[in-house]
Amino acid sequence: MVGTLMMVGSLLVVGQQSLPTTDLTPEVRRLTRQLDAPQLERRNAAEAELIGLGPRILSLLPSPETRLSAEVEQRLARVRQKLEQQLAAAAVEASHVTLNNPHIKLSRLLIQIERQTGNRVIDARRQFGQQPSDPELAVDFDKTPFWKAVDRVLEQTGLTVYPFGPDRAV
């Protein structure tokens, strides 16, 4: 019996841009205060550092409604714009899988694909009353785009993607 595999995965790179294990809130606050420094070079450096921290700090920036000086508001607007552009550019890039293993269980493979791509993967065959097997697969992915890797896994297992999963899901 061919099982149905539902893979639930965030297709946006947003998942990869989530907050890191270290809290950047104090650093973002410090740099935000420096955006109003008396010296131009300190303001420019703080703006560049904020942009360098990447889109993961977007939620840590003061909201546009926060009362700040005109200088800080203008600089934060530029920072937000650049970070949102970075986020958009990353979202359209394919995530890739690199894994070479001639004997890997399906369950372990799905975990590895999820870790490498940031696309959440769930095997939901039990939800459809099926008894999931955990076959051993042979994979050789070298910077293989996510969907190509998924297609190869589906070919080897005889499974399919459930198209009616939750939002941001496959």
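Where is glycine 54 found? Glycine 54 sits in the loop between H2 and H3, and the points below walk you from the whole chain to that loop and beyond.

1. **Ground rules.** This is a predicted model, in which local features need pLDDT of at least 70 and side-chain atom pairs count only at pLDDT 80 or more, while totals for chains, interfaces and linings use all residues. Residues are numbered from 1 along each chain as its sequence is written, and side-chain values use heavy atoms, with hydrogens and water left out.

2. **The chain as a whole.** You will find five helices and two strands here, where helices (H or I, at least four residues) and strands (E, at least two) are DSSP runs numbered from the N terminus. Along the sequence their pattern reads α-α-α-β-α-β-α. The chain has 170 residues, of which 36% count as buried; buried means under 20% relative accessible area, exposed over 50%, and partly exposed in between (1.4 Å probe, protein chains only).

3. **Surface and contacts.** The accessible surface of the chain is about 10,200 Å², with 51% belonging to carbon and sulfur atoms; such areas come from the Shrake-Rupley method with a 1.4 Å probe, and for residues only the protein chains shown count as cover. Of the contacts with a separation of 6 or more, 71% are between residues 24 or more positions apart. Contact means heavy atoms within 4.5 Å.

4. **H1 against H2.** The axes of helix H1 (residues 25-34) and H2 come within 8 Å and cross at roughly 145°. Axes are lines fitted to C-alpha atoms, for helices over the stretch in contact, with angles from 0 to 180 degrees between N-to-C directions. The crossing of H1 and H2 is left-handed, a term for the near helix being turned anticlockwise from the far one by less than a right angle, with right-handed for clockwise. H1 brings Glu27, Val28, Arg30, Leu31, Thr32 and Gln34 to the contact, and H2 brings Arg42, Arg43, Ala46, Glu49 and Leu50.

5. **H2 against H3.** Helix H2 (residues 40-52) and helix H3 (residues 70-92) have axes that come within 9 Å and cross at roughly 30°. The two helices are therefore roughly parallel, the word for angles under 35 degrees. Their crossing is right-handed. Among the residues that meet are Leu40, Leu50 and Ile51 in H2, and Val79, Lys82 and Leu83 in H3. The contact of H2 with H3 has five nonpolar, two polar and six charged residues; Ala, Val, Leu, Ile, Met, Phe, Trp, Tyr, Cys and Pro count as nonpolar, Asp, Glu, Lys and Arg as charged, and the others, Gly among them, as polar.

6. **Back to glycine 54.** Leaving aside neighbours within four places in sequence, glycine 54 is in contact with Leu83 and Gln86. Its C-alpha atom is 9.6 Å from that of valine 79, which is 25 residues away along the chain.

7. Alanine 138 lies in strand E2 (residues 136-145) and is partly exposed, with a relative accessible area of 44%. Beyond its neighbours within four places in sequence, alanine 138 is in contact with Asn101, Pro102 and Gln156. Lysine 143 is also found in E2 and is exposed, at 61% relative accessible area. Most residues other than glycine have a negative phi. Phi of lysine 143, however, is positive, near 55°.

Technical notes: Parallel < 35°, antiparallel > 145°, perpendicular 65-115°, else oblique.
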